[in-house]
Amino acid sequence: MLSQLEKSHDCQGKRVLLLASKGVDLNEISFLPESLLKVFKVVSFEIGKDFFKIPSYAYDKARRQYNSTLLLEYLTTVKLRGYEKYLGIVDVDLYARGLNFVFGEAILNGEEALISLHRLRPEFYGDPPNERLFKARIVKEAVHELGHTFGLAHCDNPECVMHFSNSIIDTDIKKAQPCLTCQTKLFRRLL
Ligand SMILES: [Zn+2]
Ligand SMILES: [Zn+2]
């Protein structure tokens, strides 16, 4: 399905590479290209074959978390050519300045985005494993961060994927799709 769509949208030339870091189980994200395609429609998604290594300088020993902004900057140095956007996927706890934690981070209108699987597993919150819920959260956070790279800002609509998630509850409330207003902005940008 992915390759067919890639062919039919060759003229668009918009390709996103998903870059998994060492420690990410590829089986957990193998569904992601197809799910992202359903939202972005004219963008093709591939999972990079090579893992990227998370730089140790991004680790804050006192917080026991990784600085997502530093990881995002690092991503700009490992990116490959031929893609419009790059989504780094890590499985470590992330924080950003002024925030206790973040699910991900992206450069608005930039090329790089980053998400972490760490706080998306139901087990993190003491809940039983739930693959469907885990996958739904991954898609929402991936769409959200990539949405920033395609120029979408945060949206006030709590059901819009571009709504800012203060907690996993916010992520679970929102849908994987942008609201109509954000969708219009996105497709004006993509088409
Ligand atoms: Zn955001
Ligand atoms: Zn919206």
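Trainee: Which strands form the open sheet, and in what order?

Mentor: The open sheet has five strands in the order β2-β1-β5-β9-β8, with mixed pairing. At its edges are β2 (44-47) and β8 (104-106), each of which pairs on one side only. From one strand to the next the twist averages 15 degrees. This is a predicted model, in which local features need pLDDT of at least 70 and side-chain atom pairs count only at pLDDT 80 or more, while totals for chains, interfaces and linings use all residues. Residues are numbered from 1 along each chain as its sequence is written; chains are lettered from A and ligands numbered from 1 in the order in which they are written.

Trainee: How do you know that β1 and β2 pair?

Mentor: Two strands pair if DSSP finds at least two bridges between them. Strand β1 (residues 15-20) and β2 have four, in the parallel sense, so by that definition they pair. One of the bridges joins L17 to E46 in β2. Helix α3 (residues 32-40) packs on the sheet and touches β1 and β2, and its direction makes about 165 degrees with that of β2. Such angles run from 0 to 180 degrees between N-to-C directions, with axes fitted to C-alpha atoms, for helices over the stretch in contact. Contact means that the C-beta atoms of two residues, placed from the backbone, lie within 7 Å.

Trainee: What makes β9 largely enclosed by the rest of the structure?

Mentor: A residue is buried if 20 or more other C-beta atoms lie within 10 Å of its own, exposed if 12 or fewer, and partly exposed in between. Five of the five residues of β9 are buried, so β9 counts as largely enclosed. On one side the buried residues are E112, L114 and S116, and on the other A113 and I115.

Trainee: In which sense do β8 and β9 pair, parallel or antiparallel?

Mentor: Antiparallel, over three bridges; E105 has L114 in β9 as a bridge partner. By contrast, β5 and β9 run parallel and are joined by five bridges.

Trainee: How many helices and strands does the chain have?

Mentor: Seven helices and nine strands. Both are DSSP runs numbered from the N terminus: H or I over at least four residues for helices, E over at least two for strands.

Trainee: Why is the chain called as compact as a globular protein of its length?

Mentor: The globule rule is 2.2 Å times the number of residues to the power 0.38, and the radius of gyration is taken over C-alpha atoms. For 191 residues the rule gives 16 Å and the chain has 16 Å, so the description holds.
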